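Please consult the sequence and the coordinates alongside the text.

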Amino acid sequence: MKAAVATEQGLAVRDIAQPKPKPNEVLVRVRAAALNRADLATARGIPHGSHGGVGAAVGLEWAGEVVETGTEVEGYRPGDRIMCSGTGGYAEYAVSDWGRVNPMPDGMSFEQAATLPVALITLHNALVTAGRLRRGESVMIQGASSGVGLMGLQIAKHMGAKFVIGSSTNDVRRARLKEFGVDLAVDMLSGPVVMQTMKATAILGRIVNVGRLAGMKAEFDFDLHALRRIDYIGVTFRTRTLEEVREISRRMRADLWDAVTVGKLKLPIDRRFPLDEAVAAQAHMRENKHFGKIVLTM
């Protein structure tokens with residue numbers, strides 16, 4: 001099959017063996033796959049969770065049709081239209097654990113479906129489970145113009161936040177955030193931005209660190225952290241077990257799937273590229289000028 005794989009020089013489109021589903025997995029004929037920031041690192045063979053490294057197909061989320069199911073899989077059969085998360089989505093075929101598979105709502109395109117799996121589970125977990133969002137609280141999403149960030153804004157509103165604000169890398173807009181005193185902040189930037197995020201957080205507020213796009217390390221004002229009595233919570237899927245990820249998916253569906261089905265939670269598509277142009281698609285992401293999701297089509 002054709003796939004965009006990791007090499008030491010970066011992403012390359014090659015022919016590789018088609019994957020075979022394990023007993024817990026679903027084999028999918030991929031019709032569309034969405035890009036995520038983590039793909040830029042895995043494209044160079046840098047480990048990220050269960051990604052297979054150099055020579056393995058890149059890609060964390062996709063949508064397509066069921067081809068085959070393992071012996072432990074229930075509820076899905078060949079021909080079903082589904083959306084998935086996992087590894088290896090930049091390919092004509094990919095496999096996913098049954099717990100990370102969701103049925104596509106009627107009328108939804110493969111391209112739109114491919115944009116949803118990672119954003120839904122990541123931000124529901126960050127806001128509702130790790131962040132303990134309560135109805136009527138105020139929420140800030142640091143780095144809100146990304147696909148995951150845009151979904152965070154929507155989920156926060158859907159779950160009853162009274163005030164939701166998003167920031168980008170614009171210095172002026174970010175500086176104003178300290179005026180708000182939010183109850184819960186989702187930080188996808190980290191690095192030097194962490195201090196501004198703490199200044200924008202109310203006493204007894206919570207910060208959930210989802211991403212580190214602005215840097216992995218920075219100076220940290222422990223006194224401000226203590227004065228605000230902030231809960232600073234780190235999350236990642238890289239150290240979660242398969243059972244934990246299944247539970248995260250289950251909780252997301254319980255809270256959000258009705259809204260997904262009727263189209264209330266969706267993401268804009270910035271650009272579409274064919275699989276053969278996966279390298280160009282990642283180059284477009286590196287430019288950091290896109291709004292919403294970048295999608296590969298098969």
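The model is predicted, so local features require pLDDT of at least 70 and side-chain atom pairs count only at pLDDT 80 or more, while totals for chains, interfaces and linings use all residues. Residues are numbered from 1 along each chain as its sequence is written, and side-chain values use heavy atoms, with hydrogens and water left out. The largest nonpolar core has 47 residues, and a search of the whole structure finds one cavity of 30 Å³ or more. The structure also holds two aromatic pairs.

**Nonpolar cores**

- A nonpolar core is a set of buried Ala, Val, Leu, Ile, Met, Phe, Trp, Tyr and Cys residues joined through side-chain atoms within 4.5 Å. Buried means under 20% relative accessible area, exposed means over 50%, and partly exposed lies in between, with a 1.4 Å probe and protein chains only.
- Within the largest core, of 47 residues, L120 and L127 have the most contacts. Two or more residues each come from strand 3 (25-34), helix 2 (110-114), helix 3 (117-130), strand 8 (138-142), helix 4 (147-158), strand 10 (182-187) and helix 8 (242-261). Helix 3 supplies the largest share of this core, seven residues.
- Helices (H or I, at least four residues) and strands (E, at least two) are DSSP runs, numbered from the N terminus.
- L127 touches R132, L133, V139, I141, G152, I155, A156, L184 and V186, residues up to four places away in sequence not being counted. Contact here means heavy atoms within 4.5 Å.
- A second, separate core has 27 residues, among them V26, A43, V73 and L296.
- In soluble globular proteins, nonpolar side chains tend to be buried together.

- A185 is found in strand 10 and counts as buried, at 0% relative accessibility.
- Leaving aside residues up to four places away in sequence, A185 touches M140, T197, T201, R206, I207 and V208.
- A185 and Y232 are 47 residues apart in sequence, yet their C-alpha atoms are 9.5 Å apart in space.

**Aromatic pairs and charges over rings**

- Rings of Phe, Tyr and Trp (its six-membered ring) pair if their centres lie within 6.5 Å; planes under 30 degrees apart count as stacked, over 60 as edge-to-face and the rest as tilted.
- The ring centres of F220 and F222 are 4.9 Å apart and the planes stand at 55°, so this pair is tilted. F220 is partly exposed at 26% relative accessible area, whereas F222 is exposed at 60%.
- The rings of F220 and Y232 have centres 6.1 Å apart and planes at 85°, so this pair is edge-to-face. F220 lies in the loop between strand 11 (201-209) and helix 7 (222-228) and Y232 in strand 12 (residues 231-234), so the pair ties together parts that are 12 residues apart in sequence.
- Y232 is partly exposed, with 31% relative accessibility. Together, F220, F222 and Y232 form one aromatic cluster.
- A charge sits over a ring if NZ of Lys or CZ of Arg is within 6 Å of the ring centre and within 35 degrees of the ring normal. The charged end of R29 sits over the ring of Y93, 5.4 Å from its centre, and R240 lies over the face of F237 at 4.7 Å from the ring centre.

- On a 1 Å grid over the protein atoms alone, a cavity is a set of points where a 1.4 Å probe fits but cannot get out, and lining residues have an atom within 4 Å of a point. Grid points are joined across faces, edges and corners, and a volume is the space filled by probe spheres set on the points.
- The largest cavity holds about 40 Å³ of space and is lined by S85, R100, N102, P117, L120, I121, S249 and M252. Helix 3 and helix 8 are the elements that give two or more residues to this lining, and helix 3 gives the most, with three residues.

- Most residues other than glycine have a negative phi, and most peptide bonds are trans.
- S190 has a positive phi of about 55° although it is not a glycine. S190 is placed in the loop between strand 10 and helix 6 (193-199) and counts as buried at 5% relative accessibility.
- N288, also not a glycine, has a positive phi of about 60°. N288 lies in the loop between helix 9 (278-286) and strand 14 (293-297) and is partly exposed, with a relative accessible area of 48%.

Terms used. On a 1 Å grid over the protein atoms alone, a cavity is a set of points where a 1.4 Å probe fits but cannot get out, and a pocket is an open set with protein on both sides within 12 Å along at least five of seven lines; lining residues have an atom within 4 Å of a point.
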